[in-house]
Amino acid sequence: MPEGAALRQTFLSTTYGPSQERWRHGSVPNPDAPSWAAEADCWAILTAWNPAGQPHPQAFNAAAQRELQMALRGWPLIHGVNGEGEWTEASLIVPGLPLGRALALGKQFGQAALLWGCGSRTALVWCQPLTVERFWLRQSE
């Protein structure tokens, strides 16, 4: 997995969402919003895969993802996918999850960053140190 600027570029160039509805970061305001944005005022996309941006075995990632799902018990969950090809990771889209809770889970599961948004407005939230970059989502072709 890349580090520093390359890791940032990986997050910015990847796609997010359920397998049938792919979105990516953009810089132009977008009136269209992902389907999961209709569920609540805000949403988060989280994963427990590959902590610290380092590849981990499939069994480790699957177990960590189950733990994340258990930590989100009671929240509506939509199963998603971050990335494509060799960097594909299972994710959970969580409508209504507050940013503070999303950040706490990102840190708990050793993630470099997570996505948090409202409508089609999204933030790439870096967990350590806390840094927020704002973008618009645009549907991937």
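The following dialogue examines how terms are applied to a predicted model.

Colleague: Why is Arg8 called partly exposed, and why is Glu133 called buried?

Modeller: Buried means under 20% relative accessible area and exposed means over 50%, with partly exposed in between. Arg8 has 33% relative accessibility and therefore counts as partly exposed. Glu133 has 17%, and is therefore buried.

Colleague: How do you know that Arg22 has no salt bridge?

Modeller: The nearest side chain of opposite charge is that of Glu84, 4.4 Å away.

Colleague: What does the side chain of Arg22 reach, and which residues does Arg22 touch beyond four places in sequence?

Modeller: The side chain of Arg22 comes to 2.5 Å from the backbone oxygen of Gly17. A polar contact requires N or O atoms within 3.5 Å, so that value falls inside the limit. Residues touched by Arg22 include Val81, Asn82, Gly83 and Glu84, as well as Arg138, Gln139 and Ser140.

Colleague: Why does Glu21 count as buried?

Modeller: The relative accessibility of Glu21 is 11%, and the threshold is under 20%, so the term applies. Glu21 is also in the loop between α1 and β1. Leaving aside neighbours within four places in sequence, its contacts are Tyr16, Pro34, Ser35, Trp36 and Gln139.

Colleague: What makes the approach of Glu21 to Trp23 a polar contact?

Modeller: The two side chains meet at 3.0 Å; the limit is 3.5 Å, so the pair is accepted.

Colleague: Why are β1 and β3 said to stand at the edges?

Modeller: The open sheet has seven strands in the order β1-β7-β6-β5-β2-β4-β3, with antiparallel pairing. β1 and β3 (78–82) each have a single partner strand, so one side of each is left without a neighbour in the sheet. From one strand to the next, the twist averages 35 degrees.

Colleague: How do you know that β5 and β6 pair?

Modeller: Pairing requires at least two bridges. Six bridges join β5 (residues 113–118) to β6 (residues 121–126), and the two run antiparallel. Within this pair, Leu115 stands opposite Leu124. Helix α1 packs on the sheet, touching β1, β5, β6 and β7 (131–139), and its direction makes about 155 degrees with that of β6. Helix α3 (residues 99–108) also packs on the sheet, touching β2 (43–46), β5 and β6, at about 165 degrees to the direction of β5.

Colleague: What makes β2 and β3 partners of β4?

Modeller: Four bridges join β2 to β4, and five join β3 to β4. The requirement is at least two bridges, so both pairs meet it. Leu46 stands opposite Leu92 in β4, while Ile78 stands opposite Ile93.

Colleague: Why is strand β4 described as mostly covered?

Modeller: Six of the seven residues of β4 (residues 89–95) are buried.

Colleague: What makes the phi values of Asn50 and Ala52 worth a remark?

Modeller: Most residues other than glycine have a negative phi. Phi is near 45 degrees for Asn50 and near 60 degrees for Ala52. Asn50 is in the loop between β2 and α2 (58–71), and Ala52 is in the loop between β2 and α2 as well. Asn50 has 10% relative accessibility and therefore counts as buried, whereas Ala52, at 53%, is exposed.

Colleague: How do you know that the peptide bond from Gln128 to Pro129 is cis?

Modeller: Its omega is near -10 degrees. Pro129 lies in the loop between β6 and β7. Most peptide bonds are trans.

Definitions and conventions
Residues numbered from 1 in each chain as written. Predicted model: local features only at pLDDT ≥ 70, side-chain atom pairs only at ≥ 80, totals over all residues. Heavy atoms only, no water. Buried < 20%, exposed > 50% of the residue type's maximum accessible area, 1.4 Å probe, protein only. Lys, Arg positive; Asp, Glu negative; His and termini not counted. Salt bridge = Lys/Arg side-chain N within 4 Å of Asp/Glu carboxyl O. Polar contact = N/O pair within 3.5 Å; in protein donor to acceptor, adjacent residues only side chain to side chain. Contact = heavy atoms within 4.5 Å. Axes fitted to C-alpha atoms, helices over the stretch in contact; angles between N-to-C directions.
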